[in-house]
Amino acid sequence: MKYLKLKMDFDKIVSRTVVVPADWSLAFLHGVIQQTFGWLDYHQYEFTISGDKQHRNWTELCEVMFSDDTIKYLEAAEMPISKLLGKKGAAIDYTYDFGDCNEVKVTSLGSVAKPGRKDFATKGPDVVEDSRGVGGIEGIVKIAKTGKGKEYKMLETWLWEAFGKCVDHVLDYPDAGDIYGRVFRLVKTAATADPKSPSACWLDYLA
């Protein structure tokens, strides 16, 4: 089985490095991004390739709410990650929540023979849903660190009412072990759903 090591960069201060089975689909990669960045899958998403002359857009076709003759919509669940990120240095763009326009650059770091904890890395905090409207994740972190003031109180109220989270959650940065664990849970869930799937074999490496 082939595995790909991917680096995912968002908003300058947040990045995640993970290993995924190369035969997983872009729909699964969407799930990995959601889990490792801390999003809640509330909004639509799409994968694109910068400068793609075919103007392809991979998403969940059932969620496409408008037509555009200049874009070729394709089903994310039917595109293996390896087709677009199989070569080291290859990159694709992931956009989540078209209102906030959260953009993640996914870059292939090449193949991995046997994935393990050492291949996972993280930088920055988890990303709060709908955070662009209050200044972006960098602004939220800055406010959270003050521990006081009007903006802090507003942030505290918003986080609790919208997500049931305390401000401390914003400053609780995940480590590489946390990111590894999140991907492992995704693999385990997929393996449970289909014991014969490649994901089930991957559990032997990630145990």
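The model is predicted: local features need pLDDT of at least 70, side-chain atom pairs count only at pLDDT 80 or more, and totals for chains, interfaces and linings use all residues. Residues are numbered from 1 along each chain as its sequence is written, and side-chain values use heavy atoms, with hydrogens and water left out.

**View 1. Helix α1 and its end.** Helices (H or I, at least four residues) and strands (E, at least two) are DSSP runs, numbered from the N terminus. Helix α1 is mostly covered, with 9 of its 12 residues buried. Buried means under 20% relative accessible area, exposed over 50%, and partly exposed in between (1.4 Å probe, protein chains only). Among the buried residues are L26, H30, I33 and F37. Just after α1, G38 takes a positive phi of about 90°.

**View 2. Surroundings of Q34.** Q34 lies in helix α1 (residues 26-37). Q34 is buried, at 4% relative accessible area. Its side chain makes a polar contact of 2.9 Å with that of Y94. A polar contact is a pair of N or O atoms within 3.5 Å; within protein, one must be able to donate a hydrogen and the other to accept it, and residues adjacent in sequence count only if both atoms are side-chain atoms. Beyond four places in sequence, the contacts of Q34 (heavy atoms within 4.5 Å) are W39, L40, D41, Y94, Y96 and E129.

**View 3. Strand β6 and its partners.** In strand β6 (residues 91-96), 5 of the 6 residues are buried, so the strand is largely enclosed by the rest of the structure. Two strands pair if DSSP finds at least two bridges between them. Strand β3 (residues 45-48) runs antiparallel to β6, joined by 4 bridges. Y45 has Y96 as its bridge partner in β6. Strand β7 (residues 102-112) also pairs with β6 in the antiparallel sense, over 6 bridges. Here I92 stands opposite V106. The β6–β7 hairpin has 5 residues between the strands, and D97 takes a positive phi near 70°.

**View 4. Y42 in its loop.** Y42 sits in the loop between α1 and β3. Y42 is partly exposed, at 49% relative accessibility. Beyond four places in sequence, Y42 is in contact with Y96, E129 and F163. Y42 and Y96 are 54 residues apart along the chain, with 9.2 Å between their C-alpha atoms.
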